[in-house]
Structure formats: structure tokens, C-alpha cells
Amino acid sequence: MTESTNADDVVYSDIEFRRYRRHRAERLLRSGVGFLLAYALAWSTVALLRGDWPTLVLQGVSIGGMAWVCFCLSRGRLGLAGHSYFCLVIPVVVGLVVLEGVSGPFSSMSHYHLLPLTVGAYLLFFEHSARGRRAYVGICLAVFVTVELGLVTLPPYGLPYDLAGQRNGRWLLFFANFASLMLVARRFVTDFAEAEKQLAAANVRLEQLLENMLPPTVCQRLRREGHTFADAFGACSVLFADIVGYTSLSESVPNVVNLLDAIFSRFDDLTGQSGLEKIKTIGDAYMVAAGIPEPRADHAAAAAELALRMQTAIRDFPGLDIRIGISSGAVVAGVIGKKRYIYDLWGDTVNTAARMESQGLSGQIQISEATRALLPPEFVCEDRGEIQIKGKGPMRVFLLKGRAVGNGQA
């Protein structure tokens with residue numbers, strides 16, 4: 001069980017949850033042992049006082065069986081203890097019926113006092129296989145149908161009790177069994193409520209994890225529609241950033257993955273503060289989109305502002321620099337495939353932004369002409385002229401230098 005800073009926010013891992021269920025099963029099984037032991041001791045006392053030796057022997061077997069179950073529990077053999085318990089309950093019930101006898105059709109209806117004990121035992125059996133539960137229910141139904149409908153006629157094999165004693169004893173047993181059944185059921189309700197609480201907390205964690213992987217609106221759409229999708233966006237900006245010097249630095253600096261994690265965590269914070277969407281990381285490259293999945297008119301300015309802030313942030317990591325590329329235009333964005341969902345982008349704008357970064361200059365922010373046309377005047381850009389872009393031919397590009405001094409130099 002993992003505890004966060006909030007003591008009420010408790011989430012079970014798969015292994016811990018199994019341990020929790022095992023502990024719950026042990027508690028319920030110990031309760032069942034206690035109830036059956038009390039039941040057997042009470043009957044044994046009455047049988048001893050009346051000289052009813054067959055009943056006393058049967059209850060002795062029951063007590064011995066409970067001792068065996070306790071021994072199995074003490075050894076941690078929960079499965080053997082559970083099966084031993086249920087293999088004992090049914091013979092004891094059948095033995096009591098045989099000792100009391102079935103005198104004829106519909107004349108043994110007073111055996112209802114055995115029902116709570118059997119139902120309680122079934123509740124304890126919920127941790128085992130579905131086949132075991134079906135077999136247990138089937139045997140119990142067969143016993144009760146046989147007895148209550150009087151399909152067989154048996155004389156009592158135990159010491160006969162007078163009718164008043166039988167009636168009073170059965171009422172006492174019924175209420176005792178019913179009380180034990182209510183206690184077991186209450187524990188079930190409490191345990192299930194606790195399980196629901198833990199599962200709800202786990203679901204919240206899973207939702208948070210999913211929303212860290214996908215945009216919130218995309219998560220909602222996936223839950224609502226239940227299938228993958230892709231949408232066209234006519235106006236957005238795509239930013240690629242690559243850490244210059246990281247490859248050579250990784251050969252000499254220990255724990256280089258921690259360094260990359262620190263850099264990307266800083267970029268994640270800046271991206272979140274800017275209201276933009278991180279798409280993915282590719283090695284030591286970082287991809288961000290502005291204007292998707294929620295359209296915004298200032299997508300180019302927002303991407304440019306983020307680039308300037310990232311350029312400033314990388315200075316906190318000596319020996320490293322950053323190369324950034326931005327392009328604006330139409331893209332297709334969505335979630336496709338069957339496994340390992342990722343919200344991704346496709347289109348010429350994405351390819352151009354990647355080329356702006358890969359064929360840019362170290363420490364510089366290179367933007368396409370389309371992005372430059374969308375930027376407000378306060379962004380200072382330097383015309384780099386036409387350069388040969390791989391797979392695109394000659395393209396006019398610009399270097400984003402910052403903001404004008406009157407608007408606060410970036």
C-alpha cells in the first residue's frame with residue numbers, strides 16, 4: 001500500500017491489493033471458525049447433559065475440524081484452511097439432519113435454523129473459484145430440498161428431544177446463526193465499501209496519469225467515443241527543440257538521464273504555464289504544439305514566447321545549449337492505433353518545423369516565413385534569407401531574437 005502526502009489518498013498496487021484481499025479472507029474465515037466452534041460447543045453441552053452420544057460425537061468431529069482449520073491458518077495455508085472449512089460445514093449440516101430425522105413430506109420445515117449457517121459459510125467462500133461456489137451452492141440446495149420437501153423419510157438417529165425442547169432450541173440456534181450471518185454480512189459491506197474507496201482513489205490516479213499522457217479533452221473524447229480519431233486543424237504552430245551538446249555530455253557525465261529529466265521537467269513547467277500542449281519527447285528532442293487540441297488565435301506568438309523562455313531556461317544547465325525550430329500552418333492531430341496511445345501530429349507543418357530545428361543554428365530559434373507573418377511586431381526577427389531545406393528546397397527563414405526593448409527583451 002502506497003501512501004501519499006494525504007493520509008486519506010491511499011491506492012493499492014496489484015500485489016498490495018491481493019494481500020489486502022488475503023487478509024480480509026483470513027479475518028472472515030476466522031470469524032466463521034469462531035461461529036461454528038461456538039455452535040458446536042453449545043450443542044455438545046446440551047448433548048452431554050442429555051446423554052446424546054451420537055450428537056456429541058458429531059460435534060466433536062466439528063470441533064476437531066475447526067482445530068485443523070486454525071492450524072492451517074497459523075501456517076499461512078489459507079486455501080487449504082478455506083476448503084477444509086467448507087468440506088466440514090456440509091457434513092455437519094447433513095449429520096444434524098440425520099440425527100434429527102425426517103419424518104415425512106413437509107413435516108420437517110423447522111430445519112430453517114440451518115440456513116443462516118450455510119449462507120454465512122457461502123459468504124466466506126467468495127474468495128475461491130466460481131466452480132467451487134457453484135458446487136457448494138448446489139450441494140446445499142440438494143440438502144435443503146431433500147430435507148424440507150421430505151423426499152426421503154428417515155427416523156431420528158439421535159436421542160429424541162421433546163417437541164418444546166426442539167422448538168426452543170431451534171429458535172435459539174436460528175437467532176444465534178442469524179446474528180452471526182449479520183456480522184459476517186456487515187464485514188462484507190464494510191470491506192466492499194473500503195475496496196470501492198480504494199478503487200475510486202486508484203481510478204483518480206489512473207485518470208491523472210492518463211491526462212499526463214494525453215490532453216484532458218482528448219481523454220474525455222476517448223472515454224466518450226471509445227475509439228481512436230484524428231482531426232484537422234487549419235491554424236496552429238509546432239515547436240521542436242533539441243539540446244545541443246547533450247550527446248557528447250552524456251559520455252562524460254554520470255546520471256545523464258537525471259539531467260535530461262531535470263531539463264524536460266523545466267520545459268514541461270514552462271509549457272504548462274504557457275497553456276500549450278506537449279506532444280512528445282524523442283531522445284533529447286522536445287515537441288510542443290500551440291493551437292491544438294483547443295484552437296487559439298495567438299498560436300504563433302504563444303509558441304514564440306515559449307521558445308524564448310526555453311532558451312533562457314537552458315542557461316541554468318552549464319555546457320548545454322538549445323536549438324529550436326517553429327513553423328505554422330495546418331496539421332492533422334489525433335490518437336491512432338490499438339496500443340500505447342499517444343496524441344500525435346502529422347502534416348507538412350510538422351515536417352517543416354522539424355527541418356527548422358535540425359537545420360537551425362546552435363543557441364538560436366529558427367522560424368519559417370509562415371510563422372514570421374503571424375507574429376506581432378514586438379517580436380524581433382532577423383531575416384536569414386533563403387536556405388536549402390532537406391526535402392523542401394529553398395525556403396526563406398528567420399531567427400527569432402526576442403522582444404522589442406519597449407515590450408521587455410526576452
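Select Phe264 and Phe267 in helix H9: being three residues apart there, they are separated by about one helical turn. Helices (H or I, at least four residues) and strands (E, at least two) are DSSP runs numbered from the N terminus. The model is a predicted one, in which local features need pLDDT of at least 70 and side-chain atom pairs count only at pLDDT 80 or more, whereas totals for chains, interfaces and linings use all residues. Residues are numbered from 1 along each chain as its sequence is written, and side-chain values use heavy atoms, with hydrogens and water left out.

**The aromatic cluster**

Display the rings of Phe264 and Phe267. Their centres are 6.2 Å apart and their planes stand at 35°, so this pair is tilted. For reference, rings of Phe, Tyr and Trp (its six-membered ring) pair if their centres lie within 6.5 Å; planes under 30 degrees apart count as stacked, over 60 as edge-to-face and the rest as tilted. Both Phe264 and Phe267 are buried, where buried means under 20% relative accessible area, exposed over 50%, and partly exposed in between (1.4 Å probe, protein chains only).

The ring centres of Phe267 and Tyr286 are 5.5 Å apart and the planes are at 75°, so the pair is edge-to-face. Because Phe267 lies in helix H9 and Tyr286 in strand E5, this pair ties together parts that are 19 residues apart in sequence. Phe267 has a relative accessible area of 1% and is buried; Tyr286, at 1% relative accessibility, also counts as buried. Phe264, Phe267 and Tyr286 form one aromatic cluster, and a search of the whole structure finds four aromatic pairs.

**The largest nonpolar core**

Next, select Ile263, Phe267, Met310, Ile324 and Leu400, which touch the most other members among the 38 residues of the largest nonpolar core. Such a core is a set of buried Ala, Val, Leu, Ile, Met, Phe, Trp, Tyr and Cys residues joined through side-chain atoms within 4.5 Å. Elements that each supply at least two of its residues include H9 (256-274), E5 (285-290), H10 (299-313) and E6 (321-335). H10 gives the most to this core, with 10 residues.

Contact here means heavy atoms within 4.5 Å. A second, separate core of 27 residues includes Ala81, Phe86, Leu88 and Val143.

**The cis peptide bond**

Move to the loop between E5 and H10, where Pro293 is found. A cis peptide bond joins Ile292 and Pro293, with omega about -5°.

**The whole chain**

Of its 410 residues, 43% count as buried. Among contacts with a separation of 6 or more, residues 24 or more positions apart account for 69%.
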